Amino acid sequence: MTDGRSETFYKSLLPMDATANIFDTRHYARAPDSWFVAVSDIKGSTAAVAEGRHSDVNFAAAAMIAALTNFCGSLPYQFGGDGAAVLIPPEYELEARRILARVRGFARRELRLELRVGIIPVSTLHTMSLDVQVGRYEPSPGNAYAVFLGGGIEACELAIKQRGHPELFRQSIVEEQEDDGDPPNLEGLSCRWTPLKSTRGRMVSLVVRCADHREIHDALCRLVGFESLKAASLDILKTKWPPKGLIREARARHGKGFLWLWIIRVGLETLFAVFVFRFKLRMGAFDAERYRREIAENAVDFARSDDVLAMTFDCPTDRLEVMRSYLEERSARGELHYGLHDSDHAVMTCFVASVTQNQHVHFVDGGDGGYTKAATALKAQLQVSN
């Protein structure tokens, strides 16, 4: 279901087709007062990651994005590893509340995760001097990903954790009875690709809180030795059967039907997909190699939200300690705070609206906990400094 009114604001923004452009404030616009901010966060994500359920955490975080987008159409959204943020036009508020409640129920039933959800009017944030500035990162036509400035998104994320301003928490509440028991529409949400193995040394997940994101990004590029900080590349995009996320995807799609039937169906679909990519087939408008190139282009391996910049990238081993030393020095001078986690791989959660019309976005997080562990390290550093 789509409505032209819901797309006017976001589509009117000047798109940014390169990561470097997200630091240019000319690309941002103030969110309309009539819109709403929907946010989610997984309670106990650190413990879930420690249990080896990192992919479940990522899947639950992306589920809110998929369910809302499947109903509303193009929306400004951002993936944060163990949570997400989405801007909702006013005409969808009531249904969005129901969808948030359904996604929370899905995470509880199917993934055994407690997903906090909330929705807050942008007008409330603005009256509290909490701004919501939105930019549209669009690495390829039709695949947009939001970046935020102004403090409003972080305030909403704190609110659903019952931290920050009590009034925001009160307004954010999505009641349990708003879940009507119907499953959310998570069509297109999957994790079919194998973990992205580092080709340079280590996959780094970095979460930095600082005043000048452009300066720190450029400095890190120089230290790492590359023009851009990326995690996905063509040579590490691989498939195998069965994928680790087969049953998870079946749980997302079975609705009120029999799970075992959907396991068979998803199993057959993924087997066919492996065959198609293995032999680089073309079928009608679909070209397997073009699709893989689009994945490398559309993979979202960063998030910018208010004072925080988060990135996952492939880093040469001999540059990792150099980068860590640089961040430590800046932190000791009080110029920034950071959390860093490294692994030999990254993981990718995919939201595919159409394989033939270049409508697919791929959320990347570092392996073995990625953003969750980096955010935990950042939180510990902030506590020490305070």
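**Pockets, cysteines and side chains**

Modeller: The second largest pocket has a volume of about 560 Å³. Of its 27 lining residues, Arg192, Ala273, Tyr291, Val352 and Val355 are the closest to its centre. This is a predicted model, in which local features need pLDDT of at least 70 and side-chain atom pairs count only at pLDDT 80 or more, while totals for chains, interfaces and linings use all residues. Residues are numbered from 1 along each chain as its sequence is written, and side-chain values use heavy atoms, with hydrogens and water left out.

Colleague: Which element gives the most to the lining of the second largest pocket?

Modeller: That is α10, with seven residues. At least two lining residues each come from β8 (189-190), α9, α10 (259-278) and β17 (345-354), where helices (H or I, at least four residues) and strands (E, at least two) are DSSP runs numbered from the N terminus. By class, the lining of this second largest pocket divides into 15 nonpolar, six polar and six charged residues; Ala, Val, Leu, Ile, Met, Phe, Trp, Tyr, Cys and Pro count as nonpolar, Asp, Glu, Lys and Arg as charged, and the others, Gly among them, as polar.

Colleague: And the largest pocket, what is its volume?

Modeller: Its volume is about 1,000 Å³, and of the 35 residues that line the largest pocket, Asp41, Asp82, Glu157, Lys161 and Ala375 lie nearest its centre. Helix α13 (residues 370-385) supplies the largest share of that lining, eight residues. The classes there are 13 nonpolar, 11 polar and 11 charged.

Colleague: How many cavities of 30 Å³ or more does the structure hold?

Modeller: The structure holds one, with a volume of about 50 Å³ for the largest cavity. Its lining consists of Thr19, Ile22, Phe23, His217, Leu229, Asp301, Phe302, Leu309 and Met311, which by class are six nonpolar, two polar and one charged.

Colleague: Switching to cysteines, how many disulfides are there?

Modeller: There are zero disulfides, a disulfide being a pair of cysteine sulfur atoms within 2.5 Å. Cys350 is in no disulfide, and the nearest cysteine sulfur, that of Cys191, is 6.7 Å away.

Colleague: What about Arg253, buried or exposed?

Modeller: Arg253, which lies in helix α9 (residues 246-253), counts as buried at 11% relative accessibility. Its side chain makes a polar contact of 3.0 Å with the side chain of Glu249 and another of 2.8 Å with that of Glu269. A polar contact is a pair of N or O atoms within 3.5 Å; within protein, one must be able to donate a hydrogen and the other to accept it, and residues adjacent in sequence count only if both atoms are side-chain atoms.

Colleague: Which residues does Arg253 touch, not counting those up to four places away in sequence?

Modeller: Arg253 touches Glu187, Arg192, Trp262, Arg265, Val266 and Glu269, with contact meaning heavy atoms within 4.5 Å. Arg248 also lies in helix α9 and counts as buried at 14% relative accessibility. Leaving aside neighbours within four places in sequence, Arg248 is in contact with Ser55, Asp56, Phe59, Leu111 and Cys191.

Colleague: Last one, what caps the N-terminal end of α11?

Modeller: Asp287 does, through a side-chain oxygen that lies 3.0 Å from the backbone nitrogen of Glu289. The buried residues of helix α11 (residues 288-298) are Ala288, Tyr291, Arg292, Glu294, Ile295, Ala296 and Asn298.

Conventions
1 Å grid on protein atoms, 1.4 Å probe; cavity = no way out; pocket = protein on both sides within 12 Å on 5 of 7 lines; lining within 4 Å. Points joined across faces, edges and corners; volume = space filled by probe spheres on them. Buried < 20%, exposed > 50% of the residue type's maximum accessible area, 1.4 Å probe, protein only.
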